Amino acid sequence: MSVQPLLSMRGIDKSFGVAPALIGASLDVMPGEVMALIGQNGAGKSTMIKVLNGYCGKDGGDITFDGKPWAAASPQAAQRSGVSTIFQEINLIPFRSVTENIYLGREIRNAAGFLKWRSMHEGARALLAAFAVNIDVGAPLGHFSTAIQQMVAIARAVSFNAKLVIMDESTSSLDEQEVGVLFQTIRQLKAQGVSVIFVSHKLDELYKVCDRVTVMRDGRTVAVAEMTEMTKLQLVACMLGRDLADVRKQGATAFSTAAHAAGAEILVVDHLAVGRRVSDARLSIRKGEIVGLAGLLGSGRTETARAIFGADDHQAGSIRYDGRPVRFREPREAIAAGLGFCSEDRKHEGIVPGMSVRENLTLALLPALSRSGVVDETRQRQIVDRFIKDIGIKCASPEQPIRELSGGNQQKVLLARWLCMNPKLLIFDEPTRGIDVGAKAEIQKLIRRLADDGLGVLMISSEIEEIVEGADRTFVLRDGATVAEFDRSTASEHALMSVMAHGEGA
Amino acid sequence: MSVGVESPLAPAPGRGKLTGPGIGQGGARAATILRRFGSLIALAALILLNLALTPHFATMQTLSVNLTQICTIVIVGVGMTLVIATGGIDLSVGSLMAIAGALAPGFFTGALFHGTNLYVNIALSIIVPVGVAGLFGLFNGWLVSHFRIQPIIATLVLFIAGRGIAQVWTNGDLQVFKMPEFQAIALGHVLGVPFQVWIMLALVVVSAWILRRTVFGRQILAVGGNEPAARLAGVPVSRVKRLVYVASGLCSGIAGLIVIAMNSAADANLIGMGMELDAIAAVAVGGTLLSGGRATIVGTLIGAMIIQLVRYTLLANGVPDSAALIAKAVLIVFAVWLQRQERA
Amino acid sequence: MNRHLSGAGVGVVLALIALVVFGAWRYDGFVSPYNILTVLRYNSMFALVGLGMCFVIMTGGIDLSVGSVAAMSSVVSAYLSPYGLVAGLVGGVGVGLIAGSLSGFIITRMKLLPFIATLAVMLAASGTALLLANNQSVSVSYDTAFMTLGQGNLLAGFKPEWIDGEDAGWAGAALGLLFNFPTPAWMALVAYVIGSVLLNALPFGRHVLAIGGGEEASRLMGLPTDRTVFLAYLISGGLAGMAGVILAAQFGAGQPIEGIGWELFAIASVVVGGTLLTGGKGSIFATLAGVLLLGLIFTILNFENGVGWISLSAYWQSVVRGAFLLVVVILQSRLARRVPA
């Protein structure tokens, strides 16, 4: 190639403690190129980015940026030298104004050193206007939607006159239209000669915006190719390190598509209204049935589920469970009635990180495991051992702190937390989010098996494939109201997406 | 054993990969052991040091003196440990001690209740003040759980107002009394050990057992470890929080009574002054995580012993009390810093 | 951006006004220049400590050491008072800065929780104070101008004769307030003005608030988090030191056991002033209002006893202060719940 790469990372080694995170990994980005960086969880993408932007040091290897050796001491130093990072979780300050969030750390000051508020407000307004965002820049950032916050983060990153912008899972909290705006921005950057490293789990997105793709696995760079040269299936195979034939056989998800017999209705929700997000949600679940709840981000899926489970109060509507009208005031009432809820936010609403697998698994079961308040540890151990074996939880021992487990295994523990309660109805909010492909398939199989055993399942998912292949029936929420119901014969990716986007009933 | 393990002897969780099975480089292991048994080793070292340095150290009297010194701190520290385990803190303990201490004499001086039976009076003088302190604890818990006020601020209310209430109640006057039957809770001896030490040990054992073996204990740690997750798993978060503050209030009440029994006098201005910080220091040195989720009650006992023994060692060797304060500061920083290394 | 006072900030100012109006209506001499100036003189120490606490709390931290740091500094400045005003002031503020930097070091370098770090510094400062003072109070030299730091009025020397005259009228009264304005109150006032500029017009203040609003995010944004946090504790220590100087000068002695509980009253003032204890949001002048509000409760109780209708012991002031704090935090929690952050 005649053109020198803008960024060249070669033979990068990095380990945390004794666990190697990167082993001779490499990454090249050309000027004005959008490079996709993909891999399973733990493949080393994040570490690669952190090494690049100076968040942590490297143990070995060479980095060249813009023709010179590169060693950023901190994300700030990296930013000054032309590498801006937008992190997965929006790292801004909700209490502070939009302007401050854009200018923090490089405030505009007058000769005397005082802040020039007016210039900063104007600058912030102009910067956001370039991304078609027109908001009151003096208001606290926390007043705006996640998508706006994301755009502010991007605007901040771009405004550093970056030569290279790293976007780590930037689209995970955006809806379709917002993703469109973001892609427009990326193309704009590209046109200006700015390079982008784009990390995403959503393979479809990559084809829309990326030029090339780098695939990582187990801390190594395993493939680099033109985006157009790799099919989705090839990408998946590459990430998993499996033969293409294997992947094809499995299908996209592990749900079998056979029809299933469903029993009596266990949950009927009608005209449910929750806060500002949900105005008229309606759904029903029968025993032995997986019901999908689809909708764009912000359509009120999670809010609906939380209201059913008693985690949030609802203002209107009825919930009938097992034939009786119910209104759970606290999750524990719902749990007592036989419900379970796996939150989408494993880290903040699922695991108790410092506690062991055993304690986490039996957290909900504790009252039933005790005699006059004292935990029966013998029974506790039996149950834990059984579930670890049954579901195939990979852990060193039941006493291992859960935070040391991989995302997939954590999710299995949380699943077991509910299964050991013998529930009648389980609610899964994004059960496979952030989980590597292998564990994902296991969890999907498990959910199917549970439904086949007569459990009612409500499954919220942003992955349309998961809904289409996994759900026996599907309700679609749009702006807080149920707008459509599909069964297996009518559900298709296209039909669902069109309803989610336009609200036309099918 | 797992999280919130009761004894500092037990493997504390969360040492990351270093303590993972099968990994045992000598240096790392030695460091781990040092951290794990740190507080106990420190205590043993202090005792050895004193055996070598301090004259008449290995006597019953020395033991008695030192244990008596830490009794009220440990008793309050037990409640404080439970509160801190949920991720909270209780600044009002000293004030609640003052309230309990100010109330009690009223029952045997006849100012509050004029019973003819001495033992009924004494029983009341114990039950009522401790109960009242418990109710104030409930108030703290109510502020924290119902209004979701940060614990440090919620308990600051009673820290400020509580002593005022005790002072207003007694009009700031010193209540002197002589009531051996009541004062036995502090001054009496059983098997040569002061009765208050027995009270302390009983509280330590019972609450260590509660924390370790009961549903309530596990729920305390779950709330401290991840509150939203605990709630979604059906843990009655509000009730758990209310109860730990009640426990802290009850412990403070008991400690308040011991203080006045020792002094033969109740002075609302002084009872429990600065106790909140002594108790927190003992909890921190003992190895309980101040951010919640991991707690050890036996550790609190050891922590209080270490702090006391350092002070005693210095005093017994002619160092002024004020310098001992500085040593205590260094000790706290060092102990908590060691814990931090362990988590990193 | 501090265009608006927060809801609670407005609340505290309104409450302060209401309390003053109540006092003026009920008690003779409540709004007399003498009483106003006495209140200001006495509360200027607390105002300084509250200001430092406000900065620390805005970073999401807490400083428990302010009371004993003030005590330590009062002892040091009393010892230095024979060498003059400047020596006493610099020495007192200097030990405060040392204590503050110690807290800052433990927090930013050793990564201990502010609560525990400043608890240790509190003990160390208290021990140092007792050690230096040999467990008793240390007399201040009356031969130098040091005393004026607590008891003097900065502009008294420039006061025209006629102001104290019988026929000076309203203008005289107003100017009298100016010329009789106590030196410690000037110190507090200047500190608050500088504090406000620091917070609102300089990057430092924005960084303080940003760190309180999200430390990890601030670090990723490349803010000098450690330096900013360190400076916040340094400021708090320095201001506590200055309060200690005033304490010594006002009462004529360095007091090694003063300052117990100051930290918690300072926290209470800051919270009453609407600053979020979790950091990220705060107002300098609402803190001043909070200090004055809690201080006035004491004055009101004194006046009430003077009126003699109901005799309330001085002990009621803690009860009333606690009740005040209670009302404020409950209102705050209600407000906080209505506006999701």
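Two residues are in contact if their C-beta atoms, placed from the backbone, lie within 7 Å of each other. This is a predicted model, where local features need pLDDT of at least 70, side-chain atom pairs count only at pLDDT 80 or more, and totals for chains, interfaces and linings use all residues. Residues are numbered from 1 along each chain as its sequence is written, while chains are lettered from A and ligands numbered from 1 in the order in which they are written.

**View 1. Here is the open sheet of chain A, with six strands in the order β6-β7-β8-β3-β9-β10.** Helices (H or I, at least four residues) and strands (E, at least two) are DSSP runs, numbered from the N terminus, and two strands pair if DSSP finds at least two bridges between them. The pairing in this sheet is mixed. At the edges sit β6 (83–86) and β10 (220–226) of chain A, each pairing on one side only. Ignoring direction, neighbouring strands are turned by 20° against each other on average.

**View 2. Let's zoom in on β6(A) and β7(A), which run parallel.** Four bridges join β6(A) to β7 (residues 164–168) of chain A.

View 3. Angles run from 0 to 180 degrees between N-to-C directions, with axes being lines fitted to C-alpha atoms, for helices over the stretch in contact.

**View 4. Now for the place where chain B touches chain C.** Here 38 residues of chain B are in contact with 37 residues of chain C. On the chain B side, the elements giving two or more residues are α7 (151–170), α13 (275–286) and α15 (321–343). The biggest giver is α7(B), with 14 residues.

**View 5. Chain B starts with a stretch to read with care: residues 1–25 have a pLDDT below 50.** pLDDT is the predictor's confidence in each residue, from 0 to 100. Chain B as a whole averages 83, and 87% of its residues score at least 70. Where pLDDT is low, the predicted coordinates should not be read in detail.
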